[in-house]
Structures are given as C-alpha cells and as structure tokens.
Amino acid sequence: MYYKESMSRRVFLVFNYCFVVLVSAVCIYPILNTLAVSFSSREAVAAGRVNIWPVEFQLDAYKFVIEEPKFYTSFGIAVIRVILGLGVNMLMTVLAAYPLSKPRSRFPKRDVYMWIYVFTMLFSGGMIPVYLIVKATHLLDTIWALVMPGAVPVYNIILLQNYFKSLPDEIYDSARVDGAGEWRILYRIFLPLSKPVLATLVVFVTVAHWNSWFDGMLYMNRPEHYPLQTYLQTIVVKLDLNTINDISQVKNISSQNSKAAQIIIAMLPILCVYPFLQKYFTKGIIMGSVKG
Amino acid sequence: MKRKKGKYLSFHLMLLIPTALLVVYCYVPMAGIIIAFQNYKPALGFTGSKFTGLENFRVLFTNPGFMQALKNTVVIAFWKIITGLIVPVTFSLLLNEIRRSSIKRTAQTIIYMPYFISWVLMAGIIVDILSPENGIVNRLLGLFGVEPVFFLGDNNWFKPVLVVTNVWKEFGWGTIIYMAALTGIDLNLYEAAAIDGAGRWKQTLHVTLPGIAPTIVLLTTLSLGNVLNAGFDQVYNLMSPITLESGDIIDTLIYRLGIKNAQFGIATAAGLFKSMISAFFIVTSYKLAYKFTGYRVF
C-alpha cells in the first residue's frame, strides 16, 4: 500500500486477525455444537462432553426424528406453504411492480396506487383485526391462512419497481412502436431483464416463508396443521414432557440430541440456499435502492 | 384516444388482484380498529357490539402490566438500535483492515448466517448454550469458578441476553451492508490522504468514516421506526413466566390479551396505540433519511 508498515501497525494487524477469527468462531460455535450434539450419544450430551465434534457417534436421533409423524407431516406442510407462498407472492409482486414503475405521464393513476401500497407499510390494523378477517374469510385451519394475509409483499414490490424504473426507456418505447402490448412487454422484455432481482426476491420469499412460525400458531387451531417451524416452536423452546417420556424409552436418544437433530434438519433448506442468498442479497439491496 | 384508454386498462387489470388482496387483508383490518373503541363480542360482531369510547384505552393505561410492557419495549428496542449501529460499523471497519480475502470472506459468510435462521431455531440453540446445567457458557464460567447462572430465568439477565443474542443474529447483516459501502469509497482518497501524511488511523477517521457516513445515517434513521418493535419472535421464544416482568413487550402482551384471553377490545387498543406511534416514527425517520441522505424509499 502507500505507507510503511510500522511496528504498531503490525501489532494491530495481528490483533485484528485474532479478533475477527475469534468473533467468527463465537458466532459459528453454537451452530456447530448443535450439529455435534445431534450426532452424539445421550450420555455424552448429558455429561456436557460435546463441543464441535460428535462424541460416541450415533444416527438414532435422526432416525427417531424422521420417523416421527408429527415431524414429517409439518415438514410437508412447510414445503407446500413455501411453494404456494412463493407462487402467490411472486405473481403479485410482478403484477403490481410493473404498472407502478411507470412514470405518471404513462400511467396517471400511478401515484394513487402507490400510496395505497405504501400506506400499508406505515400503518396496520394489528394482530386481532387481521385474525378476525382471516377467520371471516374462512381460512382458519387451511394452508391458505399462511399464504393470503401476506400475499402482497409491498416491500418487494417497491424493490422490483425501482429496478424496472432503472431499465432504459428506449427498450420500452421500441417495443411499443413494434406494437407489443403491456402484458407482452412485461412478460417478454421486463421479466427476462430482471432475472437477478427476481432471483433475489425468490430467495427472500422462500426464506421468509420457511422461517415463519407465528402465523401457524395463530391461524391453525389443530397442531396437525402446523408447519415445521410452528411445530418445532412447541418442541424446541418449551420442552414437551410427553415427548421426552416417549424418547427415553429409545436407546441412545435424549430430548437434547433429538432436539438438535430437528434444529439441524429445519436449518438444512436455509443452508442449501445460503450461497445464493449471499450472492444476491447485497446486490438485491443495491439494485432495489436505485432511486426512482 | 381509444388506444390510450386500453393501455391504462391493462395497468388497472394488472393491479386489480394485488390491490384487492391488499384491501381485504390490510385495509379491512384497519377498519377493524373500531374494535378498540368497543366492548367487542365476536358473537355480536362490529355492528352489534357496544361502543365504549375510550374505555379500553383507560383500562390499558391504568394497567401496571401495560406500563411495564411499554417500558420494557422501549428499553429493549433502544439497546437494539444502539448495538445495531455500533457493532456492525466497528466490525466492518476491522474486517476491512484484513487483507487476506479468504479470511475476510469466510468471516463474512459465518457472521451473516444466523440472520437467516428463524428465531424459533435460534431460541432452541440459545436455551441450550445458556443452560445452567451443561450449557457451554456456564461451563466456561465454571472454569473461572463462577457459580452457574440461570440466564433465561433471571430478570436481571434477561434483557442483556435479548440484546446480545440479537446482536449475534443481526450484526452480520449490517456488517455486509457497511462492507458494500466501504468498497464504494474511492481509493484515490486514501492515496491523497497518505501523501498528505495521514497514517492508517487518520485515514480511517478522515476518509473511511465520512465515506460510510451516509449509510450509517440512513440505517440508523430507518431503524428509528422500530422504537416499539422489540422483536416479538425473539422475546416470545425466550420468555418464560419467570421473566415476564423484565421481558414482556407490547407485542407479547397483545398476543396474550387478544388471542389467549379473548379480550379483543383491549388488545386491539394496545395494537392501535403501537401502530400510531410506530407510524409517526416511520414517517419521521423517512423524512430524516431523505433530508440527510436524499434516500427515498419509492
């Protein structure tokens, strides 16, 4: 670089390396520990002998968890919920973002609509009235209760319409001159040009749907309708005594390592999309915030 | 003219379904806030329930539980905003000093990961590592002869635990954003500063910090909108009846009153109170963000 490395600078650099490595280690340790616990025997876990490497390796905890009907049922519900939610959210985002990205000269009512959308970010009726509406629209205890109340993701719409705005006007104008209608322009031109942003939003929405648990608890009266995170909420946080009794009859499994196994399985989908998340996330923020 | 009308028509058609859904699931519930002024009985509905004016608010504000929850909310949210500013800025500056890109990237990958894990799973992990029996934190403290601490069952510890675990989950996100801002700083500025005799510390002070100042101001002002958001997911999953006193926040209170005790009127009143204050702060923060940085959300 453009300076001489002094002694104090070198000392700083060494300390800085150590500090960054230490902080990273502290951040990742609990997750590695959970992974190790899920593969360790009951005795080793109870004695607190497990750190980041499995002690007395076993797979029984995973076998037990996977064979638990409540677990795989809720896992299935979570998958369906992600697919439905993704479809609905993305469709609504695209449909709303395109007209909203038009300047007032091309779509005079644009600002009126924009305010309708943005106002929902500022103010909400709150938990109880939304619950009563979900009930009134007969969605309670159906999978649609997890999809419809958040069907229109306003924040994502704003990101996408900002991106649409940043596309050169000439593309739009030439397509108009060639006689293409708005639907065709959206489908054939704008969407293919927006693949990176759309990929970002797909990943956002997937993670959000996979991780959400509260709506499951709120809108599902029967535990067999719970999506995975809601089911895990009842298991992982509040230790269900019945489950522990069931478990203790099975060799090698304790509430702790089976709990760890469930946490790891529930994390897997996130870890699978994580590389994409990292790749697109910052890009998505930067692209979306292009001023309109 | 006819063609022009048809053109708008397709825009209106595109917006039809999203707007309709927004009306049903956002605007109709907004109308539902009249429950806050009623002694709402589900059997009687909006129209049949008796109007009681501000009675629900009176009950709410004279309830010590609500005042405690309000205080907890503001205190927790305040510390989360402060740590959410200081920790990512500091860490991104330190990370920026690391020249070996493999370490830099690995560190970024690691610290960013908890952000995408739900609070349910995080809470499961936190309960384990803070366990007074064999949690790692207490095992470490034991090495120094400290008696095991029941972090999640102690009202003195609960708020600090909330703030620290929130930093763990969230600071990677802020760090990544500041890192992006740091890479945007013109390298010539460093060169010029070095020629003028500025050392690394001076360069950080006079080039780096001003360079990311707009981002700092932006994220901080935007976070003002969260003064009454102390984090329902986190608190609900970590709280127990023992820590209700130090951990109960407005959102958990609303849930308990409304869904568990079916006191719809009072819970909606609490929600309305929160919504109004939040809306005020969000609008103010956006105005400030625009004034300071020219940032516009839309």
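Is Glu55(B) buried or partly exposed? Partly exposed, at 33% relative accessibility. I'll come back to that residue. First, the model.

This is a predicted model. Its scores are ipTM 0.86 and pTM 0.88. For chain B, the mean pLDDT is 89. In that chain, 97% of residues reach 70 or more.

Now, empty space. Rolling a probe the size of a water molecule over the atoms shows where it is left. Searching the whole structure turns up 3 cavities of 30 Å³ or more. The largest cavity has a volume of about 100 Å³. Which residues line it? From chain A: Asn33(A), Val37(A), Val45(A), Gly48(A), Val50(A) and Gln256(A). From chain B: Asp128(B), Ile129(B), Asn134(B), Gly135(B), Ile136(B) and Arg139(B). Sort the lining by class and you get 5 nonpolar, 5 polar and 2 charged residues.

On to salt bridges. Over all chains, the count comes to 13.

Pair one is Arg106(A) with Asp173(A). Their closest N and O atoms are 2.7 Å apart. This pair links distant parts of the chain, 67 residues apart. Arg106(A) sits in the loop between helix 4 (69-100) and helix 5 (110-122) of chain A. Asp173(A) sits in helix 8 (residues 169-177) of chain A. Why does Arg106(A) count as buried? Because its relative accessible area is 18%, and the cut-off for buried is under 20%. Asp173(A), at 32%, is partly exposed.

Pair two is Arg110(A) and Asp111(A). Their side chains meet at 3.0 Å, N to O. Arg110(A) is buried, with a relative accessible area of 10%. Asp111(A) is partly exposed, at 25% relative accessibility.

Pair three brings back Glu55(B). What is its partner? Arg58(B), with the closest N and O atoms 3.2 Å apart. Both residues lie in helix 3 (residues 55-61) of chain B. They are 3 residues apart, about one turn of the helix. Arg58(B) is partly exposed, at 48% relative accessibility. Glu55(B), as I said, is partly exposed at 33%.

Last, the network. Salt bridges with shared partners join Arg9(A), Glu97(B) and Arg200(B).

That's the tour. Over to you.

Key: Residues numbered from 1 in each chain as written. Chains lettered and ligands numbered in written order. Predicted model: local features only at pLDDT ≥ 70, side-chain atom pairs only at ≥ 80, totals over all residues. Heavy atoms only, no water. pLDDT = per-residue confidence, 0-100. 1 Å grid on protein atoms, 1.4 Å probe; cavity = no way out; pocket = protein on both sides within 12 Å on 5 of 7 lines; lining within 4 Å. Points joined across faces, edges and corners; volume = space filled by probe spheres on them. Nonpolar A, V, L, I, M, F, W, Y, C, P; charged D, E, K, R; others polar. Salt bridge = Lys/Arg side-chain N within 4 Å of Asp/Glu carboxyl O. Helix = DSSP H or I, 4+ residues; strand = E, 2+ residues; numbered from the N terminus. Buried < 20%, exposed > 50% of the residue type's maximum accessible area, 1.4 Å probe, protein only.
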